[in-house]
Amino acid sequence: MKHYTSKKEGNPIGESLGKSVPRKETWEKVTGTAKYTNDIVRPGMLHATLAVSPHAHAKIISIDTSEAWKVPGVRAIVTGQDYPVFTGSPLSDRPPIAIDKVRYFGEPVALVVADQGYTAEKAARLIKMDFELLPVVHSPGEAYRPDAPLIHEHLASYKRDEDVYPEPGTNVANRTKMRKGDMEEGWRQSDHIIDVRVSLPQSDHAAMEVRCSIGEILPDGKVIIYSASQSPFFIRKSISESFHVPLQQITVHTPLVGGSYGGKAAIQLEFLVYMATKAVGGKAVKLVNSREQDMITSPVHIGLEATIKLGCNREGKIMAAEIWHLFDGGAYSDRGAVMNRAGAVDCTGPYRIDNLHCDSLCMYTNHPYSTSFRGFAHPELTFAIERAMDTMANRLDMDPLEFRLLNAIKPGDTTPTQNLLDRSKVGDLPQCIEKLKNLIGWDDRPPIEIDGHLIKARGVSCFWKNSSTPTDAGAGAVVLFHPDGSVNLLCGAVEIGQGTRTALTQLLAERLRMDERMIHISWDVNTEADPYYWKTVASRSTFLVGNAVMKAAEDAIGQLKHIASTVLQVSPEQLEVGEGMVFVKDRPDTRIEIKKIANGYKFPNGNTIGGQVIGRGSYAMRNLTLLDPETGKGNPGPEWTVGAQAVEVEVNTKDYTYKIVKAATVIDAGKVINPVFARGQVTGAMSMGLSFASREAYRLDRSGAILNWQLRTYKLIRYGEQPEYAVDFVETPHAEAPYGLRGIGEHGLIGMPAALANSLSTAVGVDLNHLPLTPESIWRAVHDSV
């Protein structure tokens, strides 16, 4: 059937994919009318703030709130003794407010509720806390020592809700093992063996919007939560389980979220506002972090200490790898106990390694606790393996891109979890590498260019990422037709700035062959009205929710055909839907407008058939399995997204300051849904990766206190420091996904730290294996052997 374009500017009907349609929320955002959680105001709303620990590890001897109660307007003060519950997933090891001891600097010790925020803050400052100091565990390596102080003495008693393997009597929150092939044979075939040690510190998510939540309990017992979150449905589940509230009595709303990068997938403030509203008889209470609290009290980006032992034959083929990961999970495991598993699942990077031994551990330390961060352990594991790849390429005196191309994972190879790969599952890394070569002119220039005290050099990296979702992660979607032929799409995907809800309307418009401007979607996710969605994480929304949307569209199309078949006197099989019509396939002029049947059809004699067309669909992960605890064998996710990246730097050898000149990325996206969104997501992720690799890190003193807990002292990459960005895509369809798409939301970040380190190491001629890569750290690596 011939496509047409509406009179107003728009895309041809049925050709919504691959088009850069504007975001649905553009008007609200550019006019400043968009509503975020902190914009919500209720008459009589109270305000809460936290009193936090000044120590990283200490027993709580006493908490004196008498002076705080004297402040006018104070309505409630809650301590951990009031709610001795433990929360967390996959391991319930964290009290929302510390009970008997504190385990990190900034941990909540008391919650104050008052009429005004400044009143609550004044009262919180008057709470007197007495502590007995305990030894501080400063790093995951220190935590692993046999004589390390125990951070969790009752590790064996914590409830588990996923396959995690804590080791009671130690600081190991989870250990994941990968055992593949014959290590003895692998080392025997290795002519070159290298050892590389790397480290990455904890850092902050630094989203523009700080974390914020509002809690209220209605007179009938119904609990209402508003939250800046990636996990509204998981909030509902967690509050129900932790505080024994029936699930149907809890409704969670999530409006637009002002950035997250994984940090708002964790559940923290939501527990606190429930406790706060409960303490004041159900009145609405708002808790919004200050920037300082957001950086020290709420969860952070995970750190890593790793050792990579790599073996290679004379031809450059990798024969064996032995990998040791110690992830810095901080004081509580949270998603760190899943991130270490993700670090093991993809520990080899996107390379064929037939003989593998990997132990990946999530360690408790007296640092802030870690949670999801964009890339979910992959920037960290990729930094480790890619530094080893560059070191081995140098040992072989081999071009680093050619070395990667020689060992690139391909269909027919197996993953660390022993999954057999095909094109659908793994895409085309060799094509990404070849495209990257052209993008940066790799073969046209020497690896190092020297101009006096200025040195230009380039570094590369490759990456892959499996989603590492729960085996039952799923989503639902509902498509409602209206009398004018327009459509409402209901789903649980949170809009955190990535454009997912707009992209989902493009998928629906493509399947319904209609103008995407006729499809409406709201910004507020409402767990009472919207279909369930696991979480808006892991670059899974267009896959999980997209598949549910496709099923809902098919359901709606079936209903339209059923009604139209009666009106047009043909069988449903003879009909097609598109351009606002239901028509006979081989007689397109025999048709009826959708708006005439969207709410049923009324015959001239008054008889009516059908009713409102409401399509519904759901989708859950298929054929995934848990990992074998001894070998790691299993199926952790449906597909891997692969890509190649490069960074060019200019280093001043007088003081080792440097400029990032250019950064490039090529990703196998399967199918690009919205080119502007895709390039924007990848470019933003690249910038984040360069920022935390070049400067971001928490600075802690010997007592475990964070020193740089303001954006004045915690430096992010600035506008004028951004390099030239180049982004391109390969499209190898993923058979299980809508129109073959693959997740790309996190992936632009993953290889940036490694590519930056590889470029700087090439420039200065010294291995730079520890982030962040500041001029001082480079100077020390070059000049200070201690």
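Helix axes are taken here as lines fitted to C-alpha atoms over the stretch in contact, and the angle between two of them runs from 0 to 180 degrees between N-to-C directions. In the predicted model, helix H10 (residues 378-396) packs against helix H11 (residues 400-407) at an angle of about 110°, and the two axes lie 9 Å apart. Because angles of 65 to 115 degrees count as roughly perpendicular, H10 and H11 are assigned to that class. On the H10 side the contact is formed by Glu386, Met389, Asp390, Met392, Ala393 and Leu396, and on the H11 side by Pro400, Phe403 and Arg404. Sorted by class, six of the residues in this contact are nonpolar and three are charged, with no polar residue taking part.

The second largest pocket holds about 600 Å³ of space. Its lining consists of 25 residues, and those nearest the centre of the pocket are Pro201, Ala697, Tyr698, Leu700 and Leu771. Two elements, strand E8 (192-200) and strand E14 (303-312), each give two or more residues to this lining. The largest share, three residues, is that of E14. By class, the lining of the pocket comprises 10 nonpolar, eight polar and seven charged residues.

Leu771, one of the residues nearest the centre of this pocket, also takes part in a cis peptide bond, which joins leucine 771 to proline 772 with omega at about 0°. Proline 772 is placed in the loop between helix H18 (752-764) and helix H19 (775-783). A cis peptide bond also links serine 89 to proline 90, with omega near 15°. Proline 90 belongs to the loop that runs between strand E3 (74-79) and strand E4 (101-102). Most peptide bonds are trans, and most residues other than glycine have a negative phi. Histidine 244 has a positive phi, near 60°. This histidine 244 lies in the loop between helix H6 (232-243) and strand E11 (250-254).

As to annotation, an unreviewed UniProt entry lists residues 31-135 as "domain: Aldehyde oxidase/xanthine dehydrogenase a/b hammerhead". In the model, the chain over residues 31-135 is 13% helix and 33% strand.

Notes: Residues numbered from 1 in each chain as written. Predicted model: local features only at pLDDT ≥ 70, side-chain atom pairs only at ≥ 80, totals over all residues. Heavy atoms only, no water. 1 Å grid on protein atoms, 1.4 Å probe; cavity = no way out; pocket = protein on both sides within 12 Å on 5 of 7 lines; lining within 4 Å. Points joined across faces, edges and corners; volume = space filled by probe spheres on them. Helix = DSSP H or I, 4+ residues; strand = E, 2+ residues; numbered from the N terminus. Nonpolar A, V, L, I, M, F, W, Y, C, P; charged D, E, K, R; others polar. Parallel < 35°, antiparallel > 145°, perpendicular 65-115°, else oblique. Contact = heavy atoms within 4.5 Å. UniProt positions renumbered as here; feature names shortened; annotations may be inferred.
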